[in-house]
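I set down here what I looked up in this structure, entry by entry.

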Amino acid sequence: MLNRTCSLLVVVCVLHMSVMLLFYLKNFTRNTPAPTHLNRGPETVRLTLTEEEPAPQTDSEDNNTLPQCPDTPPNLVGPLQVDFSDPVKLEKLEKDPQLSLGGRHTPSKCVSQQKVAIIIPFRNREHHLKYWLFYMHPLLQKQQLDYGVYVIEQDGENKFNRAKLLNVGYTEALKEYDYNCFVFSDVDLIPVDDRNIYKCFDQPRHLSVAMDKFRFRLPYKQYFGGVSAMSKKQYLKINGFPNNFWGWGGEDDDIYNRLSYRGMTISRPAGAIGRCKMIRHTRDKLNESNPQRFTRIHHTRQTMDTDGINSLTYKVVALEKKQLYTKIIVDIGKP
Ligand code: UD2
Ligand code: MN
């Protein structure tokens with residue numbers, strides 16, 4: 001009796017296993033994607049999905065299933081609280097799952113209209129950079145930008161050269177990703193309204209239009225200092241920025257001249273939206289005002305075609321991927 005029961009049990013088990021195997025094989029052939037996809041993570045997961053779910057073929061098709069991000073991001077609130085009296089902590093931001101190494105962010109729910117590289121000229125302003133990261137990352141994410149942050153640090157003890165560092169930032173950022181918009185920002189400037197979107201427009205954009213430092217007014221009509229944004233096309237049209245403005249001042253006016261000589265005008269947000277705060281500071285060592293700035297900006301028309309992105313030379317000393325930004329230390333030579 002016991003023998004018969006055991007045999008029956010074995011038969012039932014074998015039958016069960018055969019049915020399972022058949023079922024498994026049938027499903028496997030039906031859902032297996034093309035062999036080229038087998039070694040890629042996401043597609044392998046697809047093996048468990050049912051037929052109704054179309055398997056994405058490529059990354060770009062994956063993106064196609066997401067809608068374009070709207071012109072006006074939905075979660076903006078307007079005026080913001082920005083304060084530099086207390087130190088800020090970056091620990092929480094450093095754990096933000098929405099940010100990836102090097103200070104990169106891509107919206108998860110929509111496809112950004114632009115790919116924005118944010119370029120910061122830098123030397124010895126760690127405490128300002130902390131505030132910048134603290135306030136800017138949440139804001140840029142809310143603006144639904146596909147962005148990366150590049151801090152371009154001038155190596156050595158020569159005079160500071162803001163515009164040349166910006167040219168380096170443009171070049172280095174493009175080596176990493178197909179950016180089509182570049183925001184050039186001082187490290188000490190924070191907008192106080194999230195409707196001031198850090199993206200490009202059909203004319204070069206000036207973003208820092210109403211600064212506390214200038215009693216929330218534009219100091220003069222052609223003023224282009226602080227924070228500006230240019231598409232790749234606009235930037236190339238003016239041959240980038242001058243490389244030979246060493247020390248403080250004038251480079252922003254040279255850039256303005258370039259734009260205007262190429263028939264472009266400045267686009268700006270309304271004054272109320274373009275408000276921003278500058279962290280108070282004194283003039284840095286090795287950034288004394290440039291005595292040649294006045295004569296130089298009188299000759300932009302003659303110099304702009306030969307001095308710019310087409311004549312840029314530099315040496316990367318170090319490239320470091322921090323959690324909240326990419327730091328590139330460069331040797332840009334001397335005056
Ligand atoms: C004004 C302009 C700035 C630029 C500069 C003249 C405003 C708000 N900004 O800034 O865009 O045209 O005049 O060159 O009007 N930096 C360092 N380390 C240094 C020196 C400079 O990191 O040792 C960087 C930093 O990003 C700083 C920027 O260069 O924010 C401009 O230098 P600044 O802040 O000393 O000059 P400021 O405020 O007069
Ligand atoms: Mn400043």
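I took buried to mean under 20% relative accessible area, exposed over 50%, and partly exposed in between, with a 1.4 Å probe and protein chains only. The model is a predicted one, in which local features need pLDDT of at least 70, side-chain atom pairs count only at pLDDT 80 or more, and totals for chains, interfaces and linings use all residues. Residues are numbered from 1 along each chain as its sequence is written, chains are lettered from A and ligands numbered from 1 in the order in which they are written, and side-chain values use heavy atoms, with hydrogens and water left out.

Entry on the metal. I looked up the protein donors (N, O and S atoms within 2.8 Å of the metal, or 3.2 Å for Na, K and Ca; water is not among the atoms, so sites may look incomplete). For the manganese ion (ligand 2) I found Asp-188 (OD) and His-281 (NE2), at 2.1 to 2.3 Å.

I noted Asp-188 as buried, with a relative accessible area of 3%. I noted His-281 as partly exposed, at 34%.

Entry on cavities. I used a 1 Å grid over the protein atoms alone, where a cavity is a set of points at which a 1.4 Å probe fits but cannot get out, and lining residues have an atom within 4 Å of a point. Grid points are joined across faces, edges and corners, and a volume is the space filled by probe spheres set on the points. I recorded three cavities of 30 Å³ or more. The largest cavity holds about 120 Å³, and its lining includes Cys-69, Gln-113 and Lys-199. The second largest cavity holds about 40 Å³, with Arg-162 and Phe-241 among its lining residues.

Methods
1 Å grid on protein atoms, 1.4 Å probe; cavity = no way out; pocket = protein on both sides within 12 Å on 5 of 7 lines; lining within 4 Å.
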